[in-house]
Amino acid sequence: MSSIDWMIMIGSLAAIIIYGLYQSRGTGRESYIMAGRQMPWYTVLLGIMATQASAITFLSGPGQAYTDGMRFVQYYFGLPIAMIVIAAVFVPIFRKLRVSTAYEYLEQRFDRNTRLLTGILFLFSRGVSTGISVYAPSIILSSILDINIYITNVLVGGLLIIYTYTGGAKAIAQTQKIQFIIILTSMAFAGVLLVRAMPKGIDFSDALYLAGKSGKLNVITTNFNIKDKYNIWSGVIGGFFLALSYFGTDQSQVGRYISAKSIRESRLGLLMNGLVKIPMQFLILLLGALLFSFYAIQKAPISFNDKAIGLTAKAAPTQYADLAIQYNMLSEQQAFLATTLVGLRHTDNPNATQQNLHLLRQTQKQIVQSRDSFQHLVTNYKVPAEANDTNYIFLHFVRNYLPVGMIGLLFAVVFLASWGSISAALHALASSTLLDFHKLISKKEIDEKQELRWARIYTLLWGIFSIIVAMFATRMGSLIEAVNELGSLFYGVILGIFLTAFFIKRVSGKAVFVAAIASEILIFIIYKLNVVGFLWFNVIGSLLVIVIALLVQQQLNSKNINRTP
Amino acid sequence: MQVLDMETEKEQRYWKRWYTFLVLWLVVLIILFTLFTQYYK
């Protein structure tokens, strides 16, 4: 990276930290935990979006479209409907009761045990996924500084801890706003530069045509298959339950909109999120599809993880050399066929186009096989590098094809994105630990000053926990999938508890507590059996809690009737 | 909902319009994406 890139990257990161610290000066308990309940809707909106969109979104998103096509966008189809339900039902309840965490409501509706159990489920799932999120920017730092990923995990996590520890909710909300504007502008810039970097004779529409013919513009897939991860059915139904659970019950999101200055501002923030989220995600994935066209002609490396190539070439020289020769031939062939196909597009020769397309698709299949063989080689020879290169694809383009200055800015973007989401998550973990556990369990009354001190201590502890988890995240494949899969294991059950609380008045705390534990066990069994795509866990988990809670409640009622003389 | 009852009718109509608009927005997006997928197939 050039010195100009370094200056731009360090300059923008330092500016954000200083801005955050300036905004959070004179932080008290209410400001640290609830941002003073003063946020307007646009700060809420940018906060919600910045919390959800971590570095993973911008790193792994384009990579996901590159390898699997754009169908991942369907995963967000349930989100607008979920925003409506949250705005109409969840927000008025949380605001009216003036709760500081979502789980506080559960104690008022059910009992303390249910609040604690839900808090534990949240803390565990959010804690682990925050660790995975720390790992994403570490990859970049490790790649540009060429130092061990374990050291960069500590560096990234450490910076984050300082940032969240000092500023709290107010600093997070204020900086997220600036961060997200920089992120969106830079990504749009990267898109324009990608189109301009296309090989001579290939324009935007040609690139789309090529990506489409290579099966990468498969935005809508309608075939119903319960094991399939992304199709319109799992997207609308599973995605609705996941979004409802994530935005309605995950403290890192609830914390964003209950800190708004009124119900109206909370609702507007959420509804605007429903409006802009899908188009934004579509554009990020489109970047990946265009990258595919770009690399089809520019010849992609066998793996976008340079380190994996270098180490594998040393560990298994003969196998690697054979594979590389075969892959290079296929790459040349693909470049030729892709260029020819684009050329044929402007002529009236359907037979030749069909023939060319057939050959191109065959070659692309063989390329995928070669890339798979390389990944097996990395795994079989226990090469200390990540075999799956989904998270490295966009990064490879940024490093090798973008002009000086833009590289620094895009690397800064990845950091800003991760800070925005991870700081909100760390803050939520700390607030929930303090309010849902410490204050409930501790017998001593604590004043506001002590509360602030404890909130900071918990921020520090959760930060350290995240760094430890990041150390184990190296072999998880596509991080965007890993985080969502993990979330889905718990979110369905958490949502089930809240839905029961809101809509089924006759169910008591005891029944829902038993139902939640039984459902979580069943979800893990279903996960182990590998019979359904992960988005369905959210639906199944919620329904299981509701049904089991009703059954248990019935049993409890009949016991009570029998006891009554 | 008890809280919603406290809202004025005008406010309720305002939010209902928002909710309808968002559902229609989703439908339009799905239609556009379907056309996009078919066109570039």
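We begin with how the model is to be read. The structure is a predicted model, in which local features need a pLDDT of at least 70 and side-chain atom pairs count only at pLDDT 80 or more, while totals for chains, interfaces and linings use all residues. Residues are numbered from 1 along each chain as its sequence is written, and chains are lettered from A and ligands numbered from 1 in the order in which they are written.

Let's start with confidence. The model scores ipTM 0.89 and pTM 0.87. For single residues there is pLDDT, the predictor's confidence in each residue, from 0 to 100. Chain B has an average pLDDT of 87, and 85% of its residues score at least 70. Look with care at residues 1-5 of chain B, where pLDDT stays under 50. Where pLDDT is low, the predicted coordinates should not be read in detail.

Now to chain B itself. Its secondary structure consists of 2 helices and 0 strands; helices (H or I, at least four residues) and strands (E, at least two) are DSSP runs, numbered from the N terminus. Chain B has 41 residues, and 12% of them count as buried. A residue is buried if 20 or more other C-beta atoms lie within 10 Å of its own, exposed if 12 or fewer, and partly exposed in between, with C-beta atoms placed from the backbone.

Next, zoom in on a pair of helices. Two packed helices are described by the angle between their axes and the distance between the axes. The axes of helix H5 (residues 79-96) of chain A and H2(B) come within 9 Å and cross at roughly 170°. Axes are lines fitted to C-alpha atoms, for helices over the stretch in contact, and angles run from 0 to 180 degrees between N-to-C directions. H5(A) is therefore roughly antiparallel to H2(B); angles under 35 degrees count as roughly parallel, over 145 as roughly antiparallel, 65 to 115 as roughly perpendicular and the rest as oblique. From H5(A), the contact is made by Pro80(A), Ile81(A), Met83(A), Ile84(A) and Ala88(A), and from H2(B) by Tyr19(B), Leu22(B), Trp25(B) and Leu26(B). These comprise 9 nonpolar, no polar and no charged residues.

Tyr135(A) sits in helix H7 (residues 112-145) of chain A and counts as buried because it has 29 C-beta neighbours inside 10 Å. Lys299(A) lies in the loop between helix H12 (263-298) and helix H13 (306-315) of chain A, and is partly exposed, with 13 other C-beta atoms within 10 Å. Asn530(A) is exposed, with 9 other C-beta atoms within 10 Å.

Conventions. Contact = placed C-beta atoms within 7 Å. Nonpolar A, V, L, I, M, F, W, Y, C, P; charged D, E, K, R; others polar.
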